[in-house]
Amino acid sequence: MQVLEILIGRTQIAARQAGLETIPALVLKEALKPEEAIEARLIENLQREDLDPLDEAEAYQALKEMGYSLTAIGRRLGKSRPYVSQRVKLLKLHPKLREAVRRRTITPDHAHALMRLKDPKQQLALAEQVQEKGLSVHETRQRFRELLGKKFKWRLVPVRISPETYEALQKIAPEGNVKRLIIETIEKLIQT
């Protein structure tokens, strides 16, 4: 009987717990090179559902250091390049913020909003507000702008109108541009 080493997967542990003596496995003709085994383990690990965002970021970084581009990593794992890139950026967080992401007291999206602040003290103070007040990502971004003294250039005001109303507005709008018609009408109302 030949004994083989299981490199990838937790099938062996699950099989033992289930009382099985044999498991289905893929046997390679040649042993994997050490870097191939590491790569395979990283990719298998990234498939776990309970992976925290920083473990994920560290795995992406390790694959990047093995020569993979962010695009190649994304393709291989069914993720977009921006998604992979955003995860890797989490590694630049202040250690306390990394821990908050790991504990899931702030989300990766909150962390990205906080990273825009260059001063670590401001990042930590805003992170504390996020945790204490349960700020949404949008509210966090607003606080970020307030801290920097940046005013909004515009505000998004979603308005739902019926298809019939939209079609009627399209008929009277210059070049059928309903958005422009609404903006110009509101600006005229404000001026009067």
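Two residues are in contact when heavy atoms of theirs lie within 4.5 Å. By that rule, 49% of the contacts in the protein chain between residues at least 6 apart in sequence join residues at least 24 apart. The model is predicted, so local features need pLDDT of at least 70 and side-chain atom pairs count only at pLDDT 80 or more, while totals for chains, interfaces and linings use all residues. Residues are numbered from 1 along each chain as its sequence is written, and side-chain values use heavy atoms, with hydrogens and water left out.

The secondary structure of the protein chain comes to 11 helices and 0 strands. Helices (H or I, at least four residues) and strands (E, at least two) are DSSP runs, numbered from the N terminus. Along the sequence the pattern is α-α-α-α-α-α-α-α-α-α-α. Of the 192 residues in the protein chain, 25% count as buried; buried means under 20% relative accessible area, exposed means over 50%, and partly exposed is in between, with a 1.4 Å probe and protein chains only.

Two helix pairs show how the elements pack. Helix α3 (residues 53-65) and helix α5 (residues 81-89) have axes 8 Å apart and pack at an angle of about 105°. Axes here are lines fitted to C-alpha atoms, for helices over the stretch in contact, and angles run from 0 to 180 degrees between N-to-C directions. Angles under 35 degrees count as roughly parallel, over 145 as roughly antiparallel, 65 to 115 as roughly perpendicular and the rest as oblique. α3 and α5 are therefore roughly perpendicular to each other. On the α3 side the contact is made by P53, E56, A57, Y60 and Q61, which meet Y83, V84, R87 and V88 of α5. The residues of this contact of α3 with α5 divide into 6 nonpolar, 1 polar and 2 charged. In these classes Ala, Val, Leu, Ile, Met, Phe, Trp, Tyr, Cys and Pro count as nonpolar, Asp, Glu, Lys and Arg as charged, and the others, Gly among them, as polar.

Helix α7 (residues 108-115) and helix α9 (residues 137-148) pack at an angle of about 10°, with axes 9 Å apart. That angle makes α7 roughly parallel to α9. Here D109, H110, A113 and L114 of α7 meet V137, T140, R141 and F144 of α9. The contact of α7 with α9 contains 4 nonpolar, 2 polar and 2 charged residues.

T140 is buried, with a relative accessible area of 0%. Leaving aside neighbours within four places in sequence, T140 is in contact with H110, A113, L114, L126, V130 and L135.

Next come the empty spaces. Rolling a probe the size of a water molecule over the atoms shows where empty space is left. On a 1 Å grid over the protein atoms alone, a cavity is a set of points where a 1.4 Å probe fits but cannot get out, and a pocket is an open set with protein on both sides within 12 Å along at least five of seven lines; lining residues have an atom within 4 Å of a point. Grid points are joined across faces, edges and corners, and a volume is the space filled by probe spheres set on the points.

A search of the whole structure finds 1 cavity of 30 Å³ or more. The largest cavity holds about 40 Å³ of space and is lined by I43, L63, Y68, I73, R76 and L77. Helix α4 (residues 70-77) gives the largest share of this lining, 3 residues. By class, the lining of the largest cavity has 5 nonpolar, no polar and 1 charged.

The second largest pocket has a volume of about 410 Å³. R155, L156, V157, P158, V159, I161, K179, I182, I183 and I186 form its lining, which divides into 8 nonpolar, no polar and 2 charged residues.

Some individual residues remain. Q170 is found in helix α10 and counts as partly exposed at 35% relative accessibility. Q170 and L181 are 11 residues apart in sequence and 8.7 Å apart in space, C-alpha to C-alpha. Apart from neighbours within four places in sequence, Q170 is in contact with G176 and V178.

Most residues other than glycine have a negative phi. E175, in the loop between α10 (163-172) and α11 (178-191), has a positive phi of about 60° although it is not a glycine. E175 counts as exposed, at 78% relative accessibility. R104, which lies in the loop between α6 (95-103) and α7, has a positive phi of about 65° and is not a glycine either.
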